[in-house]
Amino acid sequence: MKILVAVKRVIDYNVKIRINSERTAVETNNVKMSMNPFDEIAVEEAVRLKESGKVDEILVVSIGQRKVQETMRTAFAMGADRGIHISYEGETEPLMVAKILKKIVDNENIDLVIMGKQAIDDDSNQTGQMLAGILSWPQGTFISKLEVVDKNASVTREIDGGLETLKLNLPCVITTDLRLNEPRYASLPNIMKAKRKEIVEMSMAELGVEYTNRLKIIKVEEPPTRSEGRKLEDVTELINILRDEVGVL
Amino acid sequence: MSVLVIAESNNEYLDRNVLSCVAAALEISEDIDILVFDGSEKVLSDCAKIKGIKNVINSKGNLVGTLAEVLAPVIIETAKNSSHVMMVAGTFGKNLMPRVAALADSQQISDISAVIDSDTFVRPIYAGNALATVKSSDSKKFITVRATAFQAVESEGGNANIVEGLQPKDPSNSKFVNRDLSESDRPELTAAKIIVSGGRGLGSSENFKILDPLADKLGAAIGASRAAVDAGYVSNDYQVGQTGKVVAPELYLAIGISGAIQHLAGMKDSKVIIAINKDEEAPIFQIADYGLVGDLFDIIPELVKKLD
């Protein structure tokens with residue numbers, strides 16, 4: 001069985017973002033970047049499946065500037081096998097990414113796609129569902145548990161109000177939630193080995209995908225700031241606030 | 001221009017957040033239909049009474065679970081003459097809508113917090129640390145709505161027609177197995193006026209129960225930070241934040257929560273935020289309207305006692 005994992009290079013989740021001076025985007029120059037946390041979970045899950053003997057190969061795909069190859073190497077160091085880098089300079093949109101991934105799925109005879117439920121930069125939460133839609137494959141989104149037996153995937157999904165279990169026929173698309181697993185740290189020998197793994201670089205045109213962005217970003221601004229808070233002395237003062245100012249008592 | 005709103009219900013009652021989704025739809029058009037999947041009589045009549053709705057379309061069928069694979073083609077067909085299709089950005093909408101949009105070759109607009117015009121919307125990005133205004137060039141727009149950003153329309157006063165919709169086809173390659181919902185008598189988190197939320201500072205699932213009497217006294221829902229969920233103090237559906245639920249109650253009490261940006265993304269639009277934490281440097285105090293520095297294990301019982 002062959003797994004495809006899509007990884008996105010994003011601003012590190014610990015970074016406090018800044019908006020650029022033209023107010024058209026978030027500043028990404030000289031900012032620490034890393035693999036989208038949900039994608040790390042996807043890579044980890046793929047590697048665990050491989051370690052259990054159910055998977056022969058893990059293919060990693062990333063889209064963007066040359067630097068995304070660093071992110072792909074991180075996936076290699078965790079245990080992924082080889083990569084395809086789609087070189088692209090602009091802003092990616094989920095529909096565009098889904099179309100690219102569909103092409104790769106078709107070319108590579110993929111049995112299972114695992115990807116993060118959302119990227120922490122655009123917070124869209126769309127790509128996996130879109131890919132499943134255009135492939136006419138079943139989807140298991142926001143999953144916290146995955147079991148693959150023969151040609152089936154049993155998934156537990158995190159839904160509003162609790163959990164839901166589905167049984168999906170392979171091939172299918174899975175998107176990971178936070179509690180699926182704890183991603184491993186790459187060891188130094190594996191980081192060294194990752195340098196030798198193959199990345200094929202190609203453009204969207206070479207892959208045969210044409211896409212013009214549908215969403216135009218008009219502006220990016222800071223959310224309204226809250227007025228400065230006040231320190232309270234004790235519980236009595238807290239109760240007074242609840243009663244007189246918030247009016248909930 | 002007509003808007004199709006997709007309703008979410010559990011077959012007993014309509015998800016209240018749909019009323020906020022209709023409010024967002026009304027900012028685009030006066031011509032709004034609502035699509036219900038296998039609605040009970042109660043859900044259908046609740047939908048018909050919502051102010052501003054013209055038709056309630058009921059797609060009957062054997063809908064065990066709510067598989068996107070089954071529902072997406074029904075939505076595509078039902079929305080043939082709609083310019084916009086909208087849903088609440090809960091897990092139901094997030095799972096379903098992108099599949100629908102992709103089938104229609106449209107780039108969905110996720111989690112909008114404001115409508116500028118029929119093509120232009122505002123949506124939070126980077127865990128709510130920036131607001132992007134985006135203009136869509138797609139002829140048909142698929143949108144999920146951040147319910148807390150729109151004032152719910154009235155649930156009474158409307159008089160829509162109830163019409164029969166298309167019947168969903170049985171799924172072929174995916175199967176619903178079961179659903180395990182957490183039971184609670186408390187208000188639903190995303191609809192609660194008051195939320196009492198606990199973090200890692202609570203220390204254990206046993207200790208987390210210290211919040212119960214306080215929530216009961218205030219008629220509040222209970223929420224949690226990711227740290228508290230990951231540590232196993234409460235189940236994941238309590239989680240407030242970028243990856244959990246987005247809430248905006250009248251009052252948010254953050255107890256033993258440090259205030260990581262991922263948590264703030266889920267609650268910083270609350271009207272009043274009160275933080276209780278023993279670390280006076282905790283980032284939560286930077287956004288709290290009122291902060292009380294001290295040990296929650298002293299403060300909460302004292303607070304509960306004095307509320308009697």
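This is a predicted model: local features need pLDDT of at least 70, side-chain atom pairs count only at pLDDT 80 or more; totals for chains, interfaces and linings use all residues.
Residues are numbered from 1 along each chain as its sequence is written, with chains lettered from A and ligands numbered from 1 in the order in which they are written. Local features need pLDDT of at least 70 and side-chain atom pairs count only at pLDDT 80 or more, whereas totals for chains, interfaces and linings use all residues, and side-chain values use heavy atoms, with hydrogens and water left out.

The size of an interface is often given as the accessible area lost when the parts come together. Here the area buried between chain B and chain A is about 6600 Å², with 55% given by carbon and sulfur atoms; buried area is the accessible area (1.4 Å probe) that two parts lose on being put together, summed over both. Of the area that chain B buries against chain A, 12% is supplied by B:Gln107, B:Tyr126 and B:Tyr290, more than by any other three residues. The contact (heavy atoms within 4.5 Å) takes 76 residues from chain A and 81 residues from chain B.

Six salt bridges are found across the interface of chain B and chain A, a salt bridge being a side-chain nitrogen of Lys or Arg within 4 Å of a carboxyl oxygen of Asp or Glu. B:Asp289 forms a salt bridge with A:Arg226, for which the closest N and O atoms are 2.8 Å apart.

Over all chains, a search of the whole structure finds 41 salt bridges. In one of these, A:Arg9 and A:Glu70 have their closest N and O atoms 3.4 Å apart; because A:Arg9 lies in strand β2 (residues 9–11) and A:Glu70 in helix α2 (residues 68–78) of chain A, the pair ties together parts that are 61 residues apart in sequence. Helices (H or I, at least four residues) and strands (E, at least two) are DSSP runs, numbered from the N terminus. A:Arg9 counts as buried at 18% relative accessibility, whereas A:Glu70 counts as partly exposed at 46%, where buried means under 20% relative accessible area, exposed over 50%, and partly exposed in between (1.4 Å probe, protein chains only).

In chain B, the side chains of B:Lys60 and B:Glu164 meet in a salt bridge at 3.6 Å, N to O. B:Lys60 lies in the loop between β3 (53–59) and α3 (68–78) and B:Glu164 in strand β10 (residues 161–164), so this pair ties together parts that are 104 residues apart in sequence. B:Lys60 is partly exposed at 42% relative accessibility, and B:Glu164 is exposed at 61%.
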